[in-house]
Amino acid sequence: MDVREWTASSVRVVRLHRDPVVVQTLRSAVAATLAYVLALRLSPEAAPLTAPLTALLVVQVTLFATLTNSIRRVNSVVAGVLVAIAFSLLVGLTWWSLALLIVASLAVGHLVRVDEYVPEVAISAMLVLGVTTVGDTAWARVVETLIGAVVGLGCNLLLAPPVWVDEAGESIEGLARRVRQLMLSMGEEAAGRTAVERAAARLHEARRLDHDIVKVDAALRQAEDSLRLNPRVREAVLHRVVLRTGLDTLEICTVVLRVLARTFTDLAKERDHEPLFAPETGAAVEQLLSEIADAIVSFAVLVTTHVSLSAESAEERLASQLRQAGPTRDKLAQLLLEEVRRDVGQWQLHGAVLTEVNRILDELDTEHRSRRLLEELDRVSSEQRARMPRLTRLREKARIPDRLRRNRAAAARRSR
């Protein structure tokens, strides 16, 4: 094996080691195995498979999800066991008691609010009721469930769960690049003859971006959960707000782009196989859409960049591209005004084109982005203070000594 092959294999190993799917698979396998080994010593059952099953279910993608799932799963199992004990003492196992058991278990699951683990209440109740030694089996099942939950939590503390921010960032950048490709295609067609069918196809592509946004939103929700209660992440709130507001901006841009595609389709119907615009106007539209498309990708890179120096570079690049698009937009506005003067019948569509590109440029503006980010951070902080007032008061008290030290230092500097 030469140096290149060894380097390539090393890179593949490192990527596998950092791959969240690989990490999650190994964490789940380790948690389930440890739970089974521990349950063999503590549970009276010969094959305590409830413990590894619980560990496998509670070791979710994120620590926050693991905590919430552990509590709900333990509650569901305990509730199912209690229902089974009550039925075994009163009626035993028959076909009609089984039906009543399922109905009662599902109702109890909704009452104790175990969410997606409502079926687990009925499953636990049926498994326990089907065994003759109900009391021993019930307590063994509770013990095994607790073992699995504790082992799952322990594995999350010792083996830190993966952070899915990079995957969410890649999905956001992928969405921006698809938007860019569509805008470039629309700009090329606007500069020449565009059939109604081709314009309608671009409109259909713009509508399909809604499905991409749903996928990106799911990836972003997973990333947001992975940031909660994760000891490896600092400034988790800032990361969540930056990504969420970035996706909101891209979603607005896709909506406006869909409206712009609709305007082009209506223009194609009105022109009837003629160019959508005059040659000079069409060239300005193509140039402006190309510049906006590049700015959208730069915006996506900006919101997904974590290192401060790289973020500053991405912000400068975005600001430069927006400044470059400004004169092109002004030129397009003048050319559209001249076309309206020559043909007033389509002034609404021409005005709509200018309005829509202006809206996208406004959404990408760095100052608008900063204001939106600060407003969202203030909103999240207010919600946290309202949700946890005691913790907020403790934090404020902890900050008082720091403020006193800063004030004393400032007073000492002034006295000099």
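**View 1. The left-handed crossing of H11 and H13.** In this predicted model, the crossing that helix H11 makes with helix H13 is left-handed. By class, the contact of H11 with H13 holds 10 nonpolar residues, with no polar and no charged residues. On the H11 side, the residues that take part are Leu 288, Leu 289, Ile 292, Ala 295, Ile 296 and Phe 299, and they meet Val 357, Ile 360, Leu 361 and Leu 364 of H13. Helix H11 covers residues 279-303 and helix H13 covers residues 347-364, and the two pack at an angle of about 25 degrees with their axes 11 Å apart. Because angles under 35 degrees count as roughly parallel, H11 is described as roughly parallel to H13.

**View 2. The packing of H8 against H11.** Helix H8, made up of residues 165-190, has an axis that comes within 8 Å of the axis of H11, and the two axes cross at roughly 175 degrees. Since an angle over 145 degrees counts as roughly antiparallel, H8 and H11 are roughly antiparallel to each other. Sorted by class, the residues of the contact of H8 with H11 comprise 16 nonpolar, 3 polar and 6 charged.

**View 3. Thr 249 and its surroundings.** Thr 249 belongs to helix H10, which spans residues 236-271. With a relative accessible area of 5%, Thr 249 is buried, because the cut-off for a buried residue is under 20%. When residues up to four places away in sequence are not counted, Thr 249 touches Phe 299, Glu 363 and Leu 364. Of these, Phe 299 in H11 and Leu 364 in H13 also take part in the contact between those two helices. Ala 300 lies 51 residues from Thr 249 in sequence, and the C-alpha atoms of Thr 249 and Ala 300 are 9.6 Å apart in space.

**View 4. Leu 302 in helix H11.** Leu 302 is a residue of helix H11, and its relative accessibility of 13% places it among the buried residues. Glu 316 is 14 residues away from Leu 302 in sequence, and from C-alpha to C-alpha the two residues are 9.5 Å apart in space.

**View 5. Leu 158 in helix H7.** Helix H7 runs over residues 134-158 and contains Leu 158. Leu 158 has a relative accessibility of 76% and therefore counts as exposed, the cut-off for that class being over 50%. Arg 27 is 131 residues from Leu 158 along the chain, while the C-alpha atoms of Leu 158 and Arg 27 are separated by 10.0 Å.

**View 6. The protein as the setting for the close-ups.** The protein has 15 helices and 0 strands, and buried residues make up 43% of its 416 residues. Among the contacts between residues at least 6 apart in sequence, 78% join residues that are at least 24 apart. The protein exposes about 23,200 Å², of which carbon and sulfur atoms supply 59%.

Note on methods. Residues numbered from 1 in each chain as written. Predicted model: local features only at pLDDT ≥ 70, side-chain atom pairs only at ≥ 80, totals over all residues. Heavy atoms only, no water. Axes fitted to C-alpha atoms, helices over the stretch in contact; angles between N-to-C directions. Helix = DSSP H or I, 4+ residues; strand = E, 2+ residues; numbered from the N terminus. Parallel < 35°, antiparallel > 145°, perpendicular 65-115°, else oblique. Left-handed = near helix turned anticlockwise from the far one by under 90°. Contact = heavy atoms within 4.5 Å. Nonpolar A, V, L, I, M, F, W, Y, C, P; charged D, E, K, R; others polar. Buried < 20%, exposed > 50% of the residue type's maximum accessible area, 1.4 Å probe, protein only. Areas by Shrake-Rupley, 256 points an atom, 1.4 Å probe, with all protein chains shown as cover.
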